[in-house]
Amino acid sequence: EGLGYVGAPGTAPAGDGADSVEAHVAFVEGYREAIGLSRTADARDAVEALRALTRLEPAAVDVWMHLARTAARLERHDVALDAFRQALVIDAVSSAAHLGAATSCLRVRKLDEAEQQARAVLGLTGVDHIQTAEAHEVLARVALGRRDADGARREAIDAEAADADRPVRAFVEGRLALDAG
C-alpha cells in the first residue's frame, strides 16, 4: 500500500480497454487521497471518500477495512460495524475483520454479536497469538458487560496465555473492583 499497490495480488481492473484502465487509475488515486486524509485531521472527510470508493469497487476488501478502521477511530461504530460486516461478506475468514467487528460491537453494547465475532477468530486456522489474545480479551470484556466475573477471569487467563505481555487479568480485576465500589 505504501508503494501504491491496492487490492489483492493478481487482480485486474474490471472491464477491458483504455476506459477501464483510466477508471482503475482514478480509483487508485482516490484511494491514495482517502488514505492520506485518514492520517490527518481530515479523517471525517476520509470516511466519505472511502464510502465513495466502496460504491465504485464494492469487492475491494481493503477499502472496506480502511473505512471500518477510520470510522472506528472516529467512534462512528455504526459505520465501522457495517464496513467490517461487508469485509466479512467478501472475506469470511479475515481475522482482522472479525476482531474489528467484535470491538465495534462491544462499543455499541451488542454483546452477543461481539462474542460471536471473537469466537469466530478462535475457530479460524492460522490465527497468530496476538489475534488469539485479542479475541480472548474481547470475550473477557463481554463477560464483564454481562457481570460474569468468573467468565471474565477465565478469558483473561486465556488472553495472557496467548500473549504474556497483555495485562488482561489486571484489567479484569481492576474493573471488577471498580464495579464492586
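His98 counts as buried, because its relative accessibility is 9% and the limit for a buried residue is 20%. In this predicted model, His98 is part of helix α5, which covers residues 95-107. Beyond its neighbours within four places in sequence, His98 has contacts with Leu88, Ala92, Gln117, Ala120, Val121 and Leu124.

## Overall fold and confidence

The protein chain contains 9 helices and 0 strands. Read from the N terminus, its elements follow the order α-α-α-α-α-α-α-α-α. Of the 181 residues in the protein chain, 42% are buried. Contacts between residues at least 6 apart in sequence include 50% that join residues at least 24 apart.

The average pLDDT of the protein chain is 87, and 88% of the residues reach at least 70. Residues 9-14 have pLDDT under 50, and the model gives this stretch 3 contacts beyond four places in sequence.

Helix α5 gives the largest share, with 6 residues. Helix α5 is also the helix that holds His98.

Glu134 belongs to helix α7. Glu134 is partly exposed because its relative accessible area is 27%, which falls between the limits of 20% for buried and 50% for exposed. Apart from neighbours within four places in sequence, Glu134 is in contact with Leu99 and Arg166. Leu99 is 35 residues from Glu134 in sequence, with 7.5 Å between their C-alpha atoms.

Glu137 counts as buried because its relative accessibility is 16%. Not counting residues up to four places away in sequence, Glu137 touches Ala159, Arg166 and Val168. The C-alpha atoms of Glu137 and Arg169 are 9.3 Å apart, and the two residues are separated by 32 residues along the chain.

## Loop residues with positive phi

Most residues other than glycine have a negative phi. Glu75 has a positive phi, near 60 degrees, and is not a glycine. Glu75 sits in the loop between α3 and α4. Glu75 is exposed because its relative accessible area is 63%.

Arg109 is another residue that has a positive phi without being a glycine, with a value of about 65 degrees. Its place is the loop between α5 and α6 (111-122). Arg109 is exposed because its relative accessible area is 54%, and the limit for an exposed residue is 50%.

## Aromatic rings

The structure holds 1 aromatic pair. An arginine is also placed over a ring: Arg141 lies over the face of Phe171, at 4.4 Å from the ring centre.

Methods: Residues are numbered from 1 along each chain as its sequence is written. This is a predicted model: local features need pLDDT of at least 70, side-chain atom pairs count only at pLDDT 80 or more; totals for chains, interfaces and linings use all residues. Side-chain values use heavy atoms; hydrogens and water are left out. Rings of Phe, Tyr and Trp (its six-membered ring) pair if their centres lie within 6.5 Å; planes under 30 degrees apart count as stacked, over 60 as edge-to-face and the rest as tilted. A charge sits over a ring if NZ of Lys or CZ of Arg is within 6 Å of the ring centre and within 35 degrees of the ring normal. Helices (H or I, at least four residues) and strands (E, at least two) are DSSP runs, numbered from the N terminus. Buried means under 20% relative accessible area, exposed over 50%, partly exposed in between (1.4 Å probe, protein chains only). Contact means heavy atoms within 4.5 Å. pLDDT is the predictor's confidence in each residue, from 0 to 100.
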